Amino acid sequence: MNPVDFGKLKKYLNTQELYGCDCTVANLFLQQEKCKLELKIHDDVLIRYYVKDDLIYGYGFPLSLKNDASDLWLKDALVYIIEDSLVQKRQLQFCLVTKNQKDSLDLYLSKYFNRRINWKTSRADSDYLYFTKNLSELPGAAYQKKRNHISRFERIYKERWNFRTFPENDIAADIIEVSRKWFEENDGNSSDSLMAEQKNISLILENAELFGIKGGALYVDEKPVAMTLASEISDKVLDVLFEKAIDEYAKNGAYAVINRQFANTSTGYLYCNREEDLGIEGLRKAKLSYKPDILLEKFYGSVTG
């Protein structure tokens, strides 16, 4: 699917009760290459099939494109998925499924198809969701260290820093500049995943209006030193796609500052989803330090029977 197709998908995809980062249209677009994601629309239902590695492969939970879908839309979608798995000669498996979605699949596959699913979960793929208000206000003792990081940044750079939002300000080039410098500092040329991420940031910015991208950049002495980009999951949940800070400023609290500043501009959303930690110890520690309000588990299941 091309970007125009995703623009249409964004208009109709029913995500109001969804919280997972895999459901944003921007991520669906990026995952076509990252996860070899196959997308099909069948009877106003989005069918997803992932092939990423030995763990993440299988069908995602079907997503309705209609707000007034009948109670049996999921049954009809599963009929199609079962038939598709036979045609494609694939083992019938599901991946990146939340607990509520898992319960629905258990119910429908048992009731209508006399099948059951053996489930497992991966901690590395759980999404971290935070009350946006907490990220904005950093209240109480739990956030004292974050306030200290911000105080350090403000003490060092005094009145020399500011934050500008995107797309209200024409700062796409500055966001790319931060991303490029971060990429160089992290030896991105030796990492396929970092090279792909750098490419994805450019792609998202090229199609920012289409995907409804929000974000911002942090400046010191009018030079961009940190960036963030996000996309709406629903009118309750905002998904933070990318966040980068140049090392010199990161050491002095830039991540804490841009996180707070962006949250200040996003309080219309109940939650910010800051995505998974990929099993990376340092990333997990950083995400836990912000005290997630929801750790959204993702499940993987093989169908038997």
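Predicted model: local features only at pLDDT ≥ 70, side-chain atom pairs only at ≥ 80, totals over all residues.
Residues are numbered from 1 along each chain as its sequence is written, and side-chain values use heavy atoms, with hydrogens and water left out.

**Helix α3 with helix α4**
- The axes of α3 (residues 73-87) and α4 (residues 99-113) come within 10 Å and cross at roughly 75°, the axes being lines fitted to C-alpha atoms over the stretch in contact, with angles from 0 to 180 degrees between N-to-C directions.
- The two helices, α3 and α4, are therefore roughly perpendicular, a term that covers 65 to 115 degrees.
- On the α3 side, Leu74, Lys75, Leu78, Val79 and Ile82 meet Ser104, Leu105, Tyr108, Leu109, Tyr112 and Phe113 of α4, where contact means heavy atoms within 4.5 Å.
- By class, this contact of α3 with α4 has nine nonpolar, one polar and one charged residues.

**Helix α6 with helix α11**
- The axes of α6 (residues 144-157) and α11 (residues 254-264) come within 8 Å and cross at roughly 105°, which makes α6 roughly perpendicular to α11.
- Lys146, His149, Ile150, Phe153 and Glu154 of α6 make the contact with Ala254, Ala256, Val257 and Arg260 of α11.

**Glu275**
- Glu275 lies in the loop between β12 (271-273) and α12 (281-288), and it counts as buried because its relative accessibility is 13%, buried meaning under 20% relative accessible area with a 1.4 Å probe and protein chains only.
- Leaving aside residues up to four places away in sequence, Glu275 touches residues including Cys21, Asn27, Asp127, Asp239 and Lys287.

Terms used. Helix = DSSP H or I, 4+ residues; strand = E, 2+ residues; numbered from the N terminus. Buried < 20%, exposed > 50% of the residue type's maximum accessible area, 1.4 Å probe, protein only. Parallel < 35°, antiparallel > 145°, perpendicular 65-115°, else oblique. Nonpolar A, V, L, I, M, F, W, Y, C, P; charged D, E, K, R; others polar.
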